[in-house]
Amino acid sequence: MKGPSLPYALRWVRGMDIARWAHRLQRWSGLFLTAFAMWHTVQLYRSARDPGSLATHLALLYNPWFMVAITLVVGFHGLNGLRQLVYEVGILGITSQPRLVLVVGMLVLLLAFGVMAWRGV
């Protein structure tokens, strides 16, 4: 028995432009950041009760790859939010969504590379 072909499995992707993908990723990154904030709050509460767990929590938070991952998510979420604001309100008179998404992507990568250089990865 043969499964569905790849083009059939990805048929829902057709017709979606880059702005719609950026909008979806904005929602997913927001959910991730909310979950991270809740996890971080619980870990700080646990660390206040057990100082020994603080070292493991800080070891994870100051791991260079973890910092790069969080920087990518926070940078994308913040800069893509600004992109949506600029486009929807028409602050700069920009009407090209793909160019704005490209600028956001380049700025996020620049931010991540800056963190990598800062942390010595």
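**View 1. I18, A19 and A22 in helix α2 meet Q97, P98 and V101 in helix α5.** Contact here means heavy atoms within 4.5 Å. By class, the contact of α2 with α5 has five nonpolar, one polar and no charged residues. Nonpolar covers Ala, Val, Leu, Ile, Met, Phe, Trp, Tyr, Cys and Pro; charged covers Asp, Glu, Lys and Arg; the others, Gly among them, are polar. The model is predicted: local features need pLDDT of at least 70, and side-chain atom pairs count only at pLDDT 80 or more, while totals for chains, interfaces and linings use all residues. Residues are numbered from 1 along each chain as its sequence is written, and side-chain values use heavy atoms, without hydrogens and water.

**View 2. The axes of α2 (residues 18–49) and α5 (residues 97–119) cross at roughly 45°.** These axes come within 8 Å. An axis is a line fitted to C-alpha atoms, for helices over the stretch in contact, and angles run from 0 to 180 degrees between N-to-C directions. The two helices are therefore oblique to each other, a term for angles that are not under 35 degrees (roughly parallel), over 145 (roughly antiparallel) or 65 to 115 (roughly perpendicular).

**View 3. The largest nonpolar core consists of M67, V68, A112, V115 and M116.** Such a core is a set of buried Ala, Val, Leu, Ile, Met, Phe, Trp, Tyr and Cys residues joined through side-chain atoms within 4.5 Å; buried means under 20% relative accessible area (1.4 Å probe, protein chains only). Helices α4 (64–89) and α5 each give two or more residues to this core, and α5 gives the most, with three.

**View 4. V115 touches M67, V68 and T71.** Residues up to four places away in sequence are not counted.

Definitions and conventions
Helices (H or I, at least four residues) and strands (E, at least two) are DSSP runs, numbered from the N terminus. Buried means under 20% relative accessible area, exposed over 50%, partly exposed in between (1.4 Å probe, protein chains only).
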